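Reader: I'm new to this one. Could you walk me through how to read a few of its features?

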Amino acid sequence: MAEQRDPRKPHLHADSRQNGMRQDNAPAFTVQDEIRRDRRVRRAGQYRRARRRTAPMVAVAVCVLLCLALLGGAAALLLRVETVTIDGNVRYTDGEILAASGIHAGDSMLLIRKDKLLRKITALCPHVETIEIAKTYPSALTIRVTETGAVYFTQVRDRVCTLDASLRVIECTDAVDGLIELRLPEIKSAVEGSALVFADAEDDARVRTILETLGGADDVLALDCLDLRDRYNITAYAAGRAEILFGDAARLAVKLRIAREVYADALAEGSGGTRIDVSEPSRVSVSYDQVINYSKE
């Protein structure tokens, strides 16, 4: 007879009974579970210990930063400009330099920076070359300026610009007496208070290198014009009485020394106009009593 099932009891297959036996016999925790638990416990302990060690240092650092912030804020509020003294100026009045600086009573002493101040002043007072700032806290400021003089002049399109020794534009004017004329390669821009900008950056470096040798004053060979437009044919004029052909810039100091000696001899001979070619120092050419065609452009 077939076995009768009690409908109140759940029916279990054979596989289910076998799986249940394996689950009942398996251990609750494995060795790997214990290892992972130990690691978690150790890490948690290390984190708590590290937090206890660093908490005081973090608190101190936060306090220091807050104190510094409070001190900086207090200084910015309390250290305000009340008096400004201008020193060293000759060409410009105190009021002109002060107005150009843009400094006003009540400005923060801490926010006044030399580089920014120099740019502002030279933009409106181009004869100012350098400045020094002396701050006497809490409220006094001294600006010491050094003014530069024009050394050269050059033609830039339809304007005549005077330049200092560093080729910074002083002003645009026709008053050029006593200045050395420079005939230069193409100029891109000439802004008062800023250095000349050449169309070719290589020309800028070349011209400055040449002027380091030829631009200085000389009691014998007093150059009043330097034609630097052609890099291979540098020409200079001296007091309208001499024309010196230097060729390129190679061995320029040697060429200048030879030209000086030759010109001194020409003066001793009474030459009214002397053309000196030192483009090849080993073969110097000299012509006396020449007509020197030089005129200011």
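Reader: How many bridges join strand E4 to E5, and do they run parallel or antiparallel?

Author: Keep in mind that this is a predicted model. To read a pairing, look at the bridges and the direction of the two strands. Here E4 (residues 152-156) and E5 are joined by 5 bridges, and they run antiparallel. For one place to look, find Phe-153, which stands opposite Thr-162 in E5.

Reader: And what sits between those two strands, E4 and E5?

Author: Their hairpin has 2 residues between the strands, and Arg-157 in this hairpin takes a positive phi near 55 degrees.

Reader: Which strand does E6 pair with, and over how many bridges?

Author: E6 (residues 169-172) pairs with E5 over 3 bridges, again in the antiparallel sense. Cys-161 has Cys-172 of E6 as its bridge partner. This hairpin, of E5 and E6, has 5 residues between the strands, with Leu-167 at a positive phi near 65 degrees.

Reader: Is E5 mostly covered or exposed?

Author: For that, count the buried residues. In E5 (residues 159-163), 4 of the 5 residues are buried, so the strand is mostly covered.

Reader: What about the surface: which residues form a nonpolar patch there?

Author: Val-60, Val-64, Leu-65 and Leu-68 do, and together they have about 390 Å² of accessible area. Take Val-64, which you'll find in helix H2 (residues 31-78).

Reader: Why is Val-64 called partly exposed?

Author: Its relative accessible area is 44%. Partly exposed covers what lies between the buried cut-off, under 20%, and the exposed one, over 50%, so Val-64 falls in that middle class.

How values were computed: Residues numbered from 1 in each chain as written. Predicted model: local features only at pLDDT ≥ 70, side-chain atom pairs only at ≥ 80, totals over all residues. Heavy atoms only, no water. Patch = residues over 30% accessible without salt bridge, like charges linked within 9 Å, V, L, I, M, F, W, Y side chains within 5 Å. Areas by Shrake-Rupley, 256 points an atom, 1.4 Å probe, with all protein chains shown as cover. Salt bridge = Lys/Arg side-chain N within 4 Å of Asp/Glu carboxyl O. Buried < 20%, exposed > 50% of the residue type's maximum accessible area, 1.4 Å probe, protein only. Pairing = 2+ DSSP bridges.
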